[in-house]
Amino acid sequence: MKKTKEAPAMEETRNCYLCTVLTATTIIAMIYIGGVSSFSILYKELLDFYHTRSGDTAIIQSLCQFLNFGIGPFANYLSEIYSFRSVMIAGGFLGFLGLFLSAFVPRMEFWILTYGALTGVGFGLVYSPCFTVVNFYFKRRRALAIGIVLFGTGVGSVLFPFLYKMLLDLYGLQGAVIVISALSLNICVCAALIRQPKQLKKNVLLNLHLRENCEMGSSEEHAKSTFSPCNCTVCHSKRPIFCFSLFRQSSFLIYALAFMCSIFAYLSNFVMIPGHARVQGMTSAEVAEFLSVAGGVMILARPTVGWLADSNFIEKRNIIGTCVILGGIFSIVLPWILGYYSMLVYSITLGIFPSSFFLFIPLLLLEIVPLEKLPQAQGLLYLCLSLSAGLSQPVPVTVMKQQ
């Protein structure tokens with residue numbers, strides 16, 4: 001009878017904590033993605049404040065995004081050894097420190113170190129763990145849970161362009177960056193609410209237990225003989241940071257190439273849309289509206305796509321294939337899209353189709369690797385994505401200059 005009464009209470013406690021994890025990761029995604037995707041709002045102000053070239057701003061953002069994804073294998077590796085909480089708190093603080101120092105540098109070249117490198121490393125320690133840890137807490141509704149976390153990215157993409165514009169109008173470039181840096185500290189608060197998944201705790205405890213047994217056995221053997229201690233492979237076995245053996249699987253290789261192309265096209269839009277709009281004589285406020293519309297559509301599109309993926313009405317590969325193809329078609333016709341309302345329509349398509357591929361990264365990886373191996377697989381995939389992310393900013397700028 002006692003067990004019967006305790007069971008609902010335990011289930012309620014578990015559900016309550018699942019909501020806490022989902023809320024915390026959603027807020028982290030909102031702050032991180034909202035801030036990074038709205039960096040283009042600062043382009044004009046940086047050029048005017050430092051009297052420099054537009055190519056320099058692209059280098060800053062491309063380095064930041066390269067590190068955001070490139071740090072993925074290290075971030076997930078450290079998250080398994082220590083905890084997702086510790087790594088994300090450290091990353092949130094580094095992100096804050098890089099932004100805060102950027103407000104006081106005398107030349108824009110120093111932004112490459114403060115924002116590009118320091119904030120890039122900090123947010124890189126946040127990004128991959130944030131989207132990895134959710135998969136350990138949800139199984140039946142995993143796609144919907146990831147869609148809700150990505151819902152936070154849509155909210156951030158809506159709010160942050162207007163927030164950046166408002167802060168720039170009120171406080172100027174330096175004051176705005178200081179306020180934004182303080183806002184990023186909330187990542188540390190949300191990360192403190194996340195516990196280490198029990199699946200990873202069991203792996204760590206098992207490795208420690210095996211290592212202790214191995215060391216005890218080797219010490220006894222060494223006491224009886226003069227042989228070198230501990231030839232046991234368990235004592236020396238460690239989880240590699242880079243699991244390159246995954247490239248031997250054709251499915252992983254295909255997914256990596258497909259996602260690399262997708263993220264290059266997606267991130268390039270955040271340079272192409274402001275540049276294409278300003279060529280037509282549109283203001284910074286209108287650029288902020290376009291980015292916010294894309295983010296607003298993401299708020300509805302990503303959870304909806306997540307629900308559709310969970311429902312199994314349509315195969316996941318067919319959903320992502322449709323999104324990628326339609327997103328590519330609209331990207332091709334962007335140079336011929338002229339006028340305010342036409343740009344709004346393009347922003348809507350950006351929020352629906354190209355942005356939805358993020359949802360399928362862990363879902364498709366879990367079809368080829370077990371859950372315990374997801375941090376390695378997702379970290380390695382993010383390392384591949386870092387190459388495309390690093391090129392997604394300077395390449396569009398170079399193209400627009402030539403035009």
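## Helices around the second largest cavity

Helix 1, helix 6 and helix 7 each contribute at least two residues to the lining of the second largest cavity, where a helix is a DSSP run of H or I with at least four residues, numbered from the N terminus. Helix 7 gives the largest share of this lining, namely five residues. The model is a predicted one, in which local features need pLDDT of at least 70, side-chain atom pairs count only at pLDDT 80 or more, and totals for chains, interfaces and linings use all residues. Residues are numbered from 1 along each chain as its sequence is written, and side-chain values use heavy atoms, with hydrogens and water left out.

## What lines it

A cavity is a set of points, on a 1 Å grid over the protein atoms alone, where a 1.4 Å probe fits but cannot get out, and its lining residues have an atom within 4 Å of a point. The second largest cavity has a volume of about 90 Å³, a volume being the space filled by probe spheres set on the points, which are joined across faces, edges and corners.

Among the residues of its lining are I31, Y115, F160 and S184. By class, this lining has nine nonpolar, two polar and no charged residues, where Ala, Val, Leu, Ile, Met, Phe, Trp, Tyr, Cys and Pro count as nonpolar, Asp, Glu, Lys and Arg as charged, and the others, Gly among them, as polar.

## The largest cavity

The structure holds four cavities of 30 Å³ or more, and the largest has a volume of about 200 Å³. Its lining consists of 17 residues, with Y32, I33, Y266, L267 and F358 nearest its centre, and by class it has twelve nonpolar, four polar and one charged residues.

Definitions and conventions: On a 1 Å grid over the protein atoms alone, a cavity is a set of points where a 1.4 Å probe fits but cannot get out, and a pocket is an open set with protein on both sides within 12 Å along at least five of seven lines; lining residues have an atom within 4 Å of a point.
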